[in-house]
Amino acid sequence: MTDEAGHPGLIPPLAACNDAACEACLAYHRPQAGALGKRLQPNPVQVARLSQRPAAPSEADGSKPWRREIVLPEREGILALPHPMTEPIIQCTDVHKWFDHFHALRGVNMQVEKGEVVVIFGPSGSGKSTFIRTINRLEEHQQGTIVIDGIELTHDVRNIAVIRSEIGMVFQSFNLFPHLTVQQNVSLAPIWVRKWPKDKADEIARQLLERVGIPEQAEKYPAQLSGGQQQRVAIARALAMQPKIMLFDEPTSALDPEMIKEVLDVMTGLARSGMTMLVITHEMGFARAVADRMFFFDEGVVVESGSPSDIFDRPKEERTKLFLSQILSH
Ligand SMILES: Nc1ncnc2c1ncn2[C@@H]1O[C@H](COP(=O)(O)OP(=O)(O)OP(=O)(O)O)[C@@H](O)[C@H]1O
Ligand SMILES: [Mg+2]
């Protein structure tokens, strides 16, 4: 179900179309500068740099052809009508986090461009969850800066509310409401938080359940679903709030092996639609196929980052090599 501009029905477009006057794109991709918090203005240097980018590499060199199809038109749109998306959508600079005296994040730097898929991996206790939780303020960082879509995460609760409204999160445990049907789980937040009429929220829930491949489960309760199905409901529920960024914290690690693929398939589809995603996972097949960049965490720092082939084929750091040898040997 698509609208005239090729956008999927009531779901806002994940990638801007080529129509500079498209209202859906204007509403979704070009929020009013300075509506709340301080939104950054387009950076002329970055705009110029984007305009000089070489053409996307061809399929023959192993690049992802769907990235070329989906991301570049959007960037062309940015060049035609500069808007804040020319800044990285996530900018974390020297982020530190302490739990009392324990220094959990020790100066994490990460910049993520719109539409990028970033995989975060590393040993237990290395700070992966803590880091992505700081991005939507489930944890507060004490030093450094986090800027999401042009808004700095500070103590200002208005900024926190805006940033949270732009971010969806999926956890290892699905956290569905057991007393609500699948449909109600997905439509609840749009009705209560976005104040949408029930009909509109139900229609979006229906579209999203279709998108995650379980439209026939709409009237069931979570306990009547498999783990993989429940996780797909959790993804649909997060998408119902129309986030610009999706965070995943080990979304498949609680699943039986036969259900992992169905969830990874949904995540792969989401990545291909142009969603910006940060994914903590040790599913290395997924990382190699879908990630644009990978970040290896250990002891609260980013030890190494790079493309999947940098990380898998030519890791630089001994800690990265050791960790990869441990997880890939299983
Ligand atoms: N609420 C908390 N209070 C105190 N310490 C915490 C808290 N949350 C996390 N920590 C500590 O911070 C460190 C990083 O934890 P975090 O959960 O971010 O690790 P992780 O890399 O996600 O690990 P895992 O792979 O096991 O999920 C750990 O040493 C953990 O014990
Ligand atoms: Mg964790």
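Okay, let's start at a turn: in the hairpin of E1 and E2, two residues sit between the strands, and Asp100 has a positive phi near 50 degrees. My labels are DSSP runs counted from the N terminus, H or I of at least four residues for helices and E of at least two for strands.

Before going on, this is a predicted model, where local features need pLDDT of at least 70 and side-chain atom pairs pLDDT 80 or more, while totals for chains, interfaces and linings use all residues. Residues count from 1 along each chain as its sequence is written, chains are lettered from A and ligands numbered from 1 in written order, and side-chain values use heavy atoms, leaving out hydrogens and water.

So, which strands join that hairpin in a sheet? The sheet is open, with four strands in the order E2-E1-E4-E5, and the pairing is antiparallel; pairing takes at least two DSSP bridges between two strands. E2 (102–112) and E5 (151–152) are the edge strands, each with pairing on one side only. Going through the pairs, E1 and E2 are joined by eight bridges, E1 and E4 by five, and E4 (143–148) and E5 by two. If you want one residue to look at, take Gln91: it stands opposite Gln111 in E2 and opposite Val147 in E4. At the other end of the order, Ile148 has Ile151 of E5 as its bridge partner. E4 and E5 make a hairpin too, again with two residues between them, and Asp149 in that turn has a positive phi of about 50 degrees.

What lies across this sheet? Helix H4 (128–135) lies across E1 (90–99), E2 and E4, at about 60 degrees to E2. For angles, axes are lines fitted to C-alpha atoms, for helices over the stretch in contact (heavy atoms within 4.5 Å), and run from 0 to 180 degrees between N-to-C directions.

Around the ligand we have Phe99, Phe102, Ala104, Pro123, Ser124, Gly125, Ser126, Gly127, Lys128, Ser129, Thr130 and Glu250, where near means a heavy atom within 4 Å. By class, the shell has four nonpolar, six polar and two charged residues; Ala, Val, Leu, Ile, Met, Phe, Trp, Tyr, Cys and Pro are the nonpolar ones, Asp, Glu, Lys and Arg the charged ones, and the others, Gly among them, polar.

Where do the oxygens of the ligand go? A backbone N or O of Ser126 lies 3.1 Å from an oxygen atom of ligand 1, a polar backbone atom of Gly127 is 3.0 Å from an oxygen atom of the ligand, and a polar side-chain atom of Ser129 lies 2.8 Å from one. The protein covers 58% of the 640 Å² of accessible area (Shrake-Rupley, 1.4 Å probe) that ligand 1 has on its own. E2 and H4 are the elements giving two or more residues to that shell.

Last, the other sheet. Six strands form an open sheet in the order E6-E7-E8-E3-E9-E10, with mixed pairing. Its edges are E6 (167–170) and E10 (301–306), and the twist averages 15 degrees from one strand to the next. E3 (117–121) and E8 (276–280) run parallel, joined by four bridges, and Val117 stands opposite Met277 of E8. Helix H8 (227–239) lies across E6 and E7 (245–249), at about 170 degrees to E6.

Technical notes:
A polar contact is a pair of N or O atoms within 3.5 Å; within protein, one must be able to donate a hydrogen and the other to accept it, and residues adjacent in sequence count only if both atoms are side-chain atoms.
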